[in-house]
Structure formats: C-alpha cells, structure tokens
Amino acid sequence: MPRQHASGFALTQRQAAVILLAPFLTVYAVFLVYPFFKGIWISLHDWNLMAVAFNPDAKTYVGLRNYERVMWGRNITWGALASPGFQIIGLIGVLASAFLYRTGRAGKVTALAMGIATLLLFVLPGFHPGEGGRWYDRRFWPTVGNTILFVGLAVPGVTITAMLLAAALDGETRAKAVLRTLFFLSQVLSVTVVTLIWQIMFSPRQGLIANLTQLFGGSPIVWLTAEGFAMAAIVIATIWWSLGIAMILFLAGIQDISKDLYEAGALDNATGAKAFWYITLPNLKRTITVVVVLQIILHFQVFGQSHLMTSGGPNDTTQVLVRYIYQTAFRDSELGRASAMAVFLFVIMGGFSILQFVLGREKDE
Amino acid sequence: MKHVIFGATALTLLATGAMAQEVTLGRFFGDCEGAGTDTSASVGEACIIQSIINAADATLDGVSVNTLPTDWGNYYDQIKAAYAGGTPPAVHVMHRHRVPEFASIGALADLTDDLEAAGIDPSDWAPAALEAVSYNGRIIGVPMDFHANLWHVNTDLMEAAGLVEDGRPILPSSPEEMLEHARAVHEATGQDYLAADFAQFPIGVRVALALIWQQGANIFEGDEATIDTPEARNAISAITQLFDARLANPQLNYADSQQAFLNGEAAVLVNGTWVVDFYAAEAAKDDEGLNRYFVADFPTLFDEGATWADSHMWAIPAPLQANDADTYAAALQVLAFINDHNIDWARTGHMAVRTSVLNSEEYAALPHRDEYTGTAAIARDTPPSARYGAIQDVLNRELQAIWLTGKSVDAALADAQADVQDLLDR
C-alpha cells in the first residue's frame with residue numbers, strides 16, 4: 001500500500017484512525033468491556049451487594065458454584081422424552097434441517113445453525129430431576145422458559161404486524177404519512193408510560209377492553225392477574241410499543257424493491273395480496289432476517305413490562321430472566337448468583353448474534 | 001452605593017450558601033404536589049409527610065431538605081444500590097422489618113449517644129417503638145409509627161345484613177361464622193363481604209399470616225421453615241372458602257379492591273392503618289358508595305388475637321456519621337423535627353410512637369381512633385430476618401397461585417416450604 005505523502009503535522013492513516021477511534025474505544029472499554037469482565041469475575045464469587053460495599057473483603061471465591069446453584073440440581077438425569085413437547089419439536093427440527101440441506105433448499109450454514117438450535121431444543125429440555133432429586137433453584141428454568149415463550153410470541157407478533165403495516169402505509173399520500181408517524185409514536189415512549197397506558201387499558205374496572213367486552217355482553221377479563229391472559233397482556237403491550245422501528249425497517253426494505261417488478265407482475269395479473277405474496281415478501285427476506293434477529297436479542301432482555309404490569313405473576317407465569325436477575329441482585333443482594341444468570345443470558349444473546357452474522361454472510365456468498 | 005449593594009448581596013449569598021446544609025432525604029409513601037408547609041391540614045400519607053418535610057426545610061435554620069425521587073415499588077432496591085454506590089441519602093425512611101438486613105452489615109449510624117443533644121427523647125417512645133429501632137442494644141433509627149392491618153367496614157352494608165349492634169359492626173369469631181356473615185351480606189345486598197388486594201401486593205399474605213399466628217404457629221423459626229403445616233391449611237381455607245362461594249373476589253389488586261370498597265361493593269376491606277383518614281374523607285363526601293365508615297381491629301377467628309404489623313422509622317447512613325459531621329448534625333435536626341410532628345403523622349391513621357402523643361387528647365380525638373384501640377395489643381410480624389423481602393415474595397407468589405391459578409394447597413405449601421428453607425439456608 002502506498003504511504004501517503006507526509007509533511008509537517010500530517011498523520012498517517014493509521015495514526016488518524018487511532019486518534020479518531022480513541023474516544024469511542026475508551027468509552028467502550030470503560031463502560032462495556034470492563035463491566036462485562038467484572039460481571040464474569042463477580043459471578044465466580046459469593047458477593048453480597050451491601051456487605052461488599054461496606055467491606056471489600058466480604059466476598060469469597062466460589063468458582064463455578066453460583067452456576068451450579070442456579071442451573072443444576074441434585075440427581076439430575078436425562079431422558080429422551082422428559083418434556084415431549086419441546087423435544088419432539090427439536091427432533092423434527094433436526095430432521096427438517098438435514099432434509100432441507102440434502103434437497104438444496106437451505107445453504108450449508110443455515111442448515112447447520114438451524115440444526116444446532118433444534119438439537120439444543122431436543123437435548124436441553126431432557127434434563128430433569130430423577131428419583132428424590134430437585135433443581136437447586138426451582139424457578140430458574142421455568143423463568144428461562146417464560147422468557148423464551150415471551151420472545152416466541154412477541155417476535156412474530158411484532159414482525160408480522162410491522163410488515164403488514166409497512167405494506168399498507170407505503171405510499172406518498174398525506175394520510176399514509178400521518179399514519180406512519182402515529183404508528184411510530186408509541187416507540188418513543190418510555191416503558192413506564194407504555195405499561196401505565198396498558199394497565200389502564202387492561203383494568204377490569206375502567207379499562208377500554210373491559211368496557212368493550214361488556215358492550216358485547218361479556219364479563220370483563222382480569223388480564224393481568226389471570227394465568228392464561230397475563231403473558232398475552234404483556235406481549236400485546238410489547239407489540240404496540242416496539243412496532244415502530246420494525247415498521248421503518250420494512251418500509252425501507254419495501255421502498256428498495258424495484259417498481260419494475262410490480263409492473264411486470266401486474267401484467268401477469270399479480271396485484272394486491274398476490275403481489276405482496278409473490279413480489280414483496282421474497283424481496284423482504286433479508287429485512288425479515290434482520291428484524292427477527294434484532295427483535296429476538298431485544299426481547300430476551302424484557303424487564304419493564306413484566307416488572308410493572310404483572311410483577312412476574314400470577315404464579316410466576318410472567319417472571320422473566322432479567323427481572324429474576326434484578327431481584328436476585330437488588331432484592332436479595334446476591335450479586336454473584338445474579339451475575340451467573342446474566343452470563344447465561346449473554347450466552348443466549350451471543351448465540352443469536354452469531355446466528356445473525358452467519359445468516360447475513362451467507363446471503364453475500 | 002452600587003458597590004455596597006453588590007457587596008452586601010454577594011455576602012448574603014455567600015453566607016446562606018455556607019450556612020444552608022443540604023440534607024438529602026429518601027422516602028416512599030408516594031408523591032404529593034403542592035403539599036405546602038401546613039402540617040396540620042394535609043390529608044393522606046404522601047401529603048402529610050411531604051408537608052412535614054417542607055416545614056422542616058422552611059423552619060430549620062441553615063438546613064435545606066431535598067426529597068429525592070424514589071419509587072414505592074422499588075424503594076429498597078434503589079436505597080441498597082445507593083448504599084452500594086456510596087451515595088445513600090442523608091436520611092431515609094425504612095421499615096422495622098428491614099433493620100436486620102441493613103444493621104447487620106453496619107450500614108446504619110448508631111444514634112444512641114447523639115439523640116438527646118439533637119432534642120430527641122428516646123424515653124418518650126413507647127417500649128415497642130424503642131425495640132423496633134434497636135439493634136444489639138443500640139438505637140439505629142428514629143421510629144415514626146406502628147401500622148397494622150385493620151378491617152375497614154361499610155356500616156350500611158353490614159346493617160342491611162343485620163350485622164350491626166349498638167352502632168358497631170358485628171365481626172366473626174371463627175371461619176365458619178365469617179362464611180355465615182358473608183352469605184348474609186350477599187343475600188341482603190348482593191355485594192361481596194370482603195375485599196383486599198389478594199392479587200398484587202402482599203395484603204393477602206398478611207391476612208394469611210395473621211390467621212396462622214392466631215393459631216399459635218409461624219412460618220419459620222430460627223433457620224427452619226414451618227410453612228407446610230395444618231395451621232397454614234386452616235388459615236388458607238378460611239380465606240378460600242369466601243372465594244369458592246363467590247363472596248369475595250381474589251383477582252382485585254390494591255387500587256381495584258380499594259375502589260370496590262369505596263363504591264360500596266364490599267362490606268369489609270382489609271387494608272392498613274395508613275388509609276383511615278383518606279377513607280374517612282371519602283365517606284364524608286355526599287355521593288354514592290361508602291357513607292358510614294367504621295374501623296375495626298382485625299377479628300380473632302382462631303385462638304388468640306393477631307394482626308400483621310410493622311413500623312416506619314428514619315435512619316442515617318453510618319458513612320455519613322463517620323465522614324461528614326455537619327450533614328450528620330443537620331440530618332439529626334430533620335429527624336428531631338419529624339419526631340416533634342408525630343401527632344401530624346398519626347393523622348393518617350397510623351399509631352403514634354411517643355407516649356406523650358399517645359396519651360394526648362388531640363390523639364384520642366382523631367377520627368375513628370377509639371374504634372381500633374385493640375390493634376396495638378395484637379400487632380405481630382414474622383421473626384426478624386435479613387431475607388424478609390424474598391420470603392414475603394415467596395409467600396405472595398404461592399398464595400396467589402392458590403387463589404388465582406388453582407394450584408393445589410398441598411403443592412403450593414410444599415413449594416413455599418422448600419423455597420423459604422432455601423432462603424434461610426443461604
């Protein structure tokens with residue numbers, strides 16, 4: 001590479017890069033890299049939030065014991081059909097990825113990623129306490145399950161709604177511009193405002209939904225304290241809240257599709273829903289991948305909706321991982337244990353980030 | 001002349017700046033906009049405490065009090081994070097039940113030797129109040145009240161069901177009698193007998209605990225959980241029989257259950273002392289719903305009287321006492337001011353902690369005060385534990401699982417027993 005002409009105070013490209021990157025790298029190192037490794041370090045200790053603040057020596061190194069106490073138990077065994085629901089889906093997934101790869105419908109990397117994910121779905125739920133055994137922390141895995149359920153409901157919910165809205169609101173009329181702004185507005189609200197709005201909406205006494213139900217002769221549903229509805233309630237609030245960004249991404253994706261395709265399609269009688277199915281959707285594949293993976297990473301970190309609307313209840317049905325981490329760290333002051341859970345959450349989200357990276361690269365090949 | 005004015009202004013600013021010692025204050029109780037400084041006129045916990053704080057800020061020479069924004073639900077998380085970060089407020093309110101958690105690691109200042117000089121007389125505190133703020137024989141806080149669960153009664157609904165005698169509601173003395181009363185109210189008025197927050201905050205837990213204590217049992221003793229017991233089953237079935245007969249609704253949260261009571265849709269609301277003045281004010285309004293309001297001690301359904309109780313108290317962080325003498329002195333002045341206004345705080349419905357206030361005519365003349373004089377004698381709480389918050393959450397979750405999700409009593413008690421034992425073992 002030819003060196004740039006250097007004279008006086010001129011910098012080389014490398015020096016300029018270092019200087020320009022330095023502010024970011026400093027902030028990144030101090031506020032992200034250091035706390036991350038400190039978190040891992042704390043997770044290896046018995047570390048009481050308050051006690052260590054008053055006496056730095058009040059912590060003890062316990063190795064991986066926090067991880068064991070959180071994720072493992074006494075007499076844990078593995079069975080191929082311990083929780084049939086998840087495991088059968090996992091098994092079908094493994095076979096499907098092999099089939100898709102064999103028939104050439106999925107690339108090598110996609111098939112591998114899908115295969116590993118579904119294999120985990122087959123293997124992990126197979127662990128269960130054997131005779132006389134028990135999980136050391138009875139609530140951890142159900143909490144992980146709730147978080148996955150939340151992600152499983154919220155991500156398709158947001159993706160499909162945002163995509164349909166984007167398709168409907170793509171255009172240059174004034175009404176569409178106003179509606180696009182309106183649908184995006186909810187995104188700028190803070191979680192406290194969103195949950196307040198939806199707590200009022202869901203209230204069985206004065207809520208809009210209860211009033212509508214009563215108008216049609218039904219008895220109001222007590223959304224936030226009924227076992228079957230509490231999760232649905234926080235998912236609905238979440239979809240309403242996080243539509244905006246996804247919708248904008250889809251709008252950008254749709255506007256990227258060449259108009260020629262639609263004109264050509266129209267000649268073959270493909271308009272409206274048909275055009276959406278055969279032209280818009282296939283061309284949005286990449287955007288869909290981005291939106292889905294971003295949403296997965298975002299919603300694994302759900303906290304406010306569960307904390308403020310249902311307090312994790314009833315019977316822990318809406319208890320999610322970040323809320324459990326928060327309670328363990330701040331209510332119970334057990335920072336070590338909470339950090340171990342946080343590292344687990346990091347591994348899950350790291351996995352999805354790698355998946356996004358892999359899928360993104362494959363398209364370029 | 002210009003120089004003189006300028007100089008005088010600068011000097012004044014300097015002087016006030018140097019003299020006004022800022023005291024940061026952390027509290028729950030909720031927000032009150034425009035509370036003013038008239039401590040004798042405000043209504044409700046939030047406004048009464050804020051008016052006392054505002055008055056302290058206005059009255060105390062050289063002290064300015066800055067109330068920090070805190071959220072009720074996450075108060076202790078915030079306070080603990082502030083302690084851990086080395087920036088706790090100079091004074092903060094807390095419950096007696098949190099004393100073991102904070103005092104065991106030396107977080108709270110030992111005020112024993114400084115109270116008299118600050119104008120606080122510990123010998124005026126009721127013995128139970130002194131005990132509430134004592135840890136290992138040292139005083140680590142200034143008590144503000146005793147509070148407890150009461151039965152707030154709609155006398156009109158009770159009368160319609162024939163459950164009023166000499167102007168006082170007749171309360172049940174056994175679970176069976178409670179069911180009879182509930183049926184009578186429902187038949188006569190179509191309304192529920194009992195409402196409480198069984199769905200969110202741990203009011204339902206406090207009801208169940210009271211009924212367990214009334215049988216001479218408790219949920220743990222020492223390091224041993226004792227939840228899965230016949231006494232707990234009796235207590236739970238006393239409550240669930242009302243839900244099963246549709247004479248009470250377990251799905252109402254705090255706001256909804258309170259609204260149901262104020263709308264005249266429930267004869268009894270189980271809630272604390274902190275709402276007596278508010279309900280009295282609501283009953284006095286000339287509208288539909290609650291009109292004749294009575295406050296009763298929590299009834300004895302089993303062998304001995306017991307109701308859940310706790311205390312609010314004020315504390316100063318130990319690091320402040322050790323490192324910042326000026327702010328510490330100012331903080332003590334604020335606590336003395338709050339202590340002097342014990343009668344104003346008692347207006348909420350809370351029981352006062354100072355014997356001079358308890359014996360005063362002004363205190364006896366507070367609305368409804370003579371209706372729950374028995375509560376002080378039956379006030380109870382679980383044994384002291386640094387894990388109080390987590391244990392309450394376990395009970396809240398499992399009890400709610402019974403009445404909200406149909407979890408079997410056996411499974412819920414077994415799980416609660418295991419979880420609380422885990423917490424005690426940690």
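Of the 197 residues in the largest nonpolar core, those touching the most other members are A:Phe250, B:Leu194, B:Ala208, B:Ala331 and B:Val334. Such a core is a set of buried Ala, Val, Leu, Ile, Met, Phe, Trp, Tyr and Cys residues joined through C-beta atoms within 7 Å. Helix α10 of chain A (residues 230-256) gives the most to this core, with 15 residues. Helices (H or I, at least four residues) and strands (E, at least two) are DSSP runs, numbered from the N terminus. With residues up to four places away in sequence left out, B:Ala331 touches B:Val23, B:Ala90, B:Val91, B:Ile316 and B:Leu320; contact here requires C-beta atoms, placed from the backbone, within 7 Å.

The model is predicted, with local features needing pLDDT of at least 70 and side-chain atom pairs counting only at pLDDT 80 or more, while totals for chains, interfaces and linings use all residues. Residues are numbered from 1 along each chain as its sequence is written, and chains are lettered from A and ligands numbered from 1 in the order in which they are written.

Chain A is built with 16 helices and four strands, and its C-alpha trace spans about 85 × 70 × 50 Å along the principal axes. Of its 365 residues, 32% count as buried, a class that asks for 20 or more other C-beta atoms within 10 Å of the residue's own, against 12 or fewer for exposed and a partly exposed class in between, with C-beta atoms placed from the backbone. Among contacts in chain A with a separation of 6 or more, 70% join residues 24 or more positions apart. In helix α6 of chain A (residues 140-169) sits A:Ala168, which counts as partly exposed because it has 13 C-beta neighbours inside 10 Å.

Where the two chains meet, the contact takes 20 residues from chain A and 25 residues from chain B. On the chain A side, α2 (49-54) and α15 (321-331) are the elements that give two or more residues, and α2(A) gives the most, with five residues. By class, that side has nine nonpolar, five polar and six charged residues; Ala, Val, Leu, Ile, Met, Phe, Trp, Tyr, Cys and Pro count as nonpolar, Asp, Glu, Lys and Arg as charged, and the others, Gly among them, as polar.

Turning to chain B, the domain assignment gives domain 1 (2-147 + 311-369) and domain 2 (148-309 + 374-425), with bounds that come from an automatic or database assignment. The C-alpha centres of these two domains of chain B lie 31 Å apart, and 18 residues of domain 1 are in contact with 20 residues of domain 2. Both α4 (99-103) and β6 (142-154) of chain B supply at least two residues of the domain 1 side, which divides into six nonpolar, eight polar and four charged residues.

Strand β6(B) also pairs with β13(B) in the antiparallel sense, over five bridges; pairing requires that DSSP finds at least two bridges between the strands. Within this pairing, B:Val295 in β13(B) is the bridge partner of B:His152. Strand β13 (residues 293-297) of chain B is largely enclosed by the rest of the structure, because four of its five residues are buried.

Helix α18 (residues 388-405) of chain B is likewise largely enclosed by the rest of the structure, because 16 of its 18 residues are buried. Its end C-alpha atoms are 25 Å apart, which agrees with the 26 Å that 18 residues should span at 1.5 Å a residue, the expected span being 1.5 Å times one less than the number of residues. After α18(B) comes B:Gly406, with a positive phi near 75°.
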